[in-house]
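Please examine the sequence and the model before reading on.

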Protein chains: 2
Amino acid sequence: MTATPRPSPGRPRDDQVDHRIADAAVELFGRKGWASFSIEAVARLAGVGKASVYLRWRNKEELLVEALKLRMGRISDVDTGTVRGDLVELVQQLLTLYTGERGQAALRLGIEARGIPGLAERYEDMAQAQILAARAIVRRGIRRGELPENTSVTFLLDAVCGGAMNHALTVPPALGPLTAEAMADYAEHFVDFVLTSVLSGP
Amino acid sequence: MTATPRPSPGRPRDDQVDHRIADAAVELFGRKGWASFSIEAVARLAGVGKASVYLRWRNKEELLVEALKLRMGRISDVDTGTVRGDLVELVQQLLTLYTGERGQAALRLGIEARGIPGLAERYEDMAQAQILAARAIVRRGIRRGELPENTSVTFLLDAVCGGAMNHALTVPPALGPLTAEAMADYAEHFVDFVLTSVLSGP
């Protein structure tokens, strides 16, 4: 075990070690889930001593919450100027996230977060923030006259966000990982498919 | 620990105990995932001795695969006579599954199955069977003239199946569980939303 020395007062924390631990936490959570998540296992995976982890985080709940905040990013607000552009960007971000190295952790969060002490509340905040951002895309589209006033935000977002998740989960492994090109192509055509519905609705 | 006596040759296995163990296996997998899945934990949850489990299943891989087969059911083939009816039924089945007591296990399978020895292959078979059943719904719709020839089966199913999953995952817990009535209502209107796209497509 390599132990990181406790920093003297005023000395900045070692960002590299912070990130290594956070990466290990996200990776472990993604691979095994909360039930197998422990400070010890994270320290082992990060190649640091347990003390190095406890120096930074008080317990495993705090570690996971902070690690997700630090390393997982979030679906960023998109505002390309058109509703189609925004939704294509959203689908690409979701496909990239779900099929990337932190994809397992992202998918797991959706089903486990509500049962993890300390994370449940924060997860609801994150989820609400993303839902609000996605709703803003639709609202701007309505304001610009691109979408009808009565567009169902729920249906549109269930179709768009759920479709991206379903696509990431059902690509047969035999086909190999989705390339960036395949994701961009899917995102454009799938968004056009869903928008057709909104634009020709009753 | 209560131990079930080994049945004498020719004596039928005790179905009640089989089901109790299978229920416990599905519940444990749903709550904690594969990384925490063990014969011991399943036996404890089922209130039987480890020997009772080993009497029936050789190892934990076999136990989980069989338990899922026995207790999880599958999205059954639907053939109501119309493509709209079939898709509404499919969305209702998915919402019922994901929000029901075995919902966690079903959602987990989607992200964990490919990493579980012995289950990965069986899961691909199950997933393929369901994809084929869903594709059959769309093909029948095309044959009956309800859907255009060039309908994208992938887009339609990503939107419909993904939408149901997204809806189940994003209902705020504050609203309480989805009622059967709310699921039926959502299924009808969401399917109409997606079908509008197919029917007015280019």
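The UniProt record, in an unreviewed entry, places the feature "DNA-binding region" at residues 38-57 of chain A. In this predicted model, that stretch of chain A is 75% helix and 0% strand, and its end C-alpha atoms lie 12 Å apart.

**Chain A as a whole**

Chain A contains nine helices and zero strands, so that its pattern along the sequence reads α-α-α-α-α-α-α-α-α. Of its 202 residues, 47% count as buried. Among the contacts in chain A with a separation of 6 or more, 68% are accounted for by residues 24 or more positions apart.

**The interface of chain A and chain B**

The size of an interface is often given as the accessible area lost when the parts come together.

| Quantity | Value |
|---|---|
| Residues from chain A in the contact | 40 residues |
| Residues from chain B in the contact | 39 residues |
| Area buried between chain A and chain B | about 3,300 Å² |
| Share of that area from carbon and sulfur atoms | 63% |

On the side of chain A, Ile111(A), Phe155(A) and Phe193(A) lose the most area to chain B, and together they give 22% of what that side buries.

Polar groups also meet across the interface of chain A and chain B: eleven residue pairs are in polar contact, and two salt bridges are found. One salt bridge joins Glu112(A) to Arg108(B), with the closest N and O atoms 2.6 Å apart. Which elements of chain A give two or more residues to the side that touches chain B? They are helix 6 (103-112), helix 7 (119-143), helix 8 (153-170) and helix 9 (180-200) of chain A. Helix 8 of chain A supplies the largest share of this side, 14 residues.

**Helix 7 of chain B**

Helix 7 of chain B covers residues 119-143, which makes 25 residues. At 1.5 Å a residue it should span 36 Å, and because its end C-alpha atoms are 35 Å apart, the model agrees with that expectation.

Several residues of helix 7 of chain B are buried, including Leu119(B), Tyr123(B), Ala127(B), Ile137(B) and Val138(B). Glu124(B) and Arg140(B) are also among the buried residues of this helix. What covers the buried residues of helix 7 includes helix 4 (60-71), helix 5 (83-99), helix 6 (103-112) and helix 8 (153-170) of chain B. After helix 7 of chain B comes Gly145(B), whose phi is positive, near 80 degrees.

Note on methods:
Residues numbered from 1 in each chain as written. Chains lettered and ligands numbered in written order. Predicted model: local features only at pLDDT ≥ 70, side-chain atom pairs only at ≥ 80, totals over all residues. Heavy atoms only, no water. Helix = DSSP H or I, 4+ residues; strand = E, 2+ residues; numbered from the N terminus. Expected span 1.5 Å × (residues − 1). Buried < 20%, exposed > 50% of the residue type's maximum accessible area, 1.4 Å probe, protein only. Contact = heavy atoms within 4.5 Å. UniProt positions renumbered as here; feature names shortened; annotations may be inferred. Buried area = accessible area lost by both parts, 1.4 Å probe. Salt bridge = Lys/Arg side-chain N within 4 Å of Asp/Glu carboxyl O. Polar contact = N/O pair within 3.5 Å; in protein donor to acceptor, adjacent residues only side chain to side chain.
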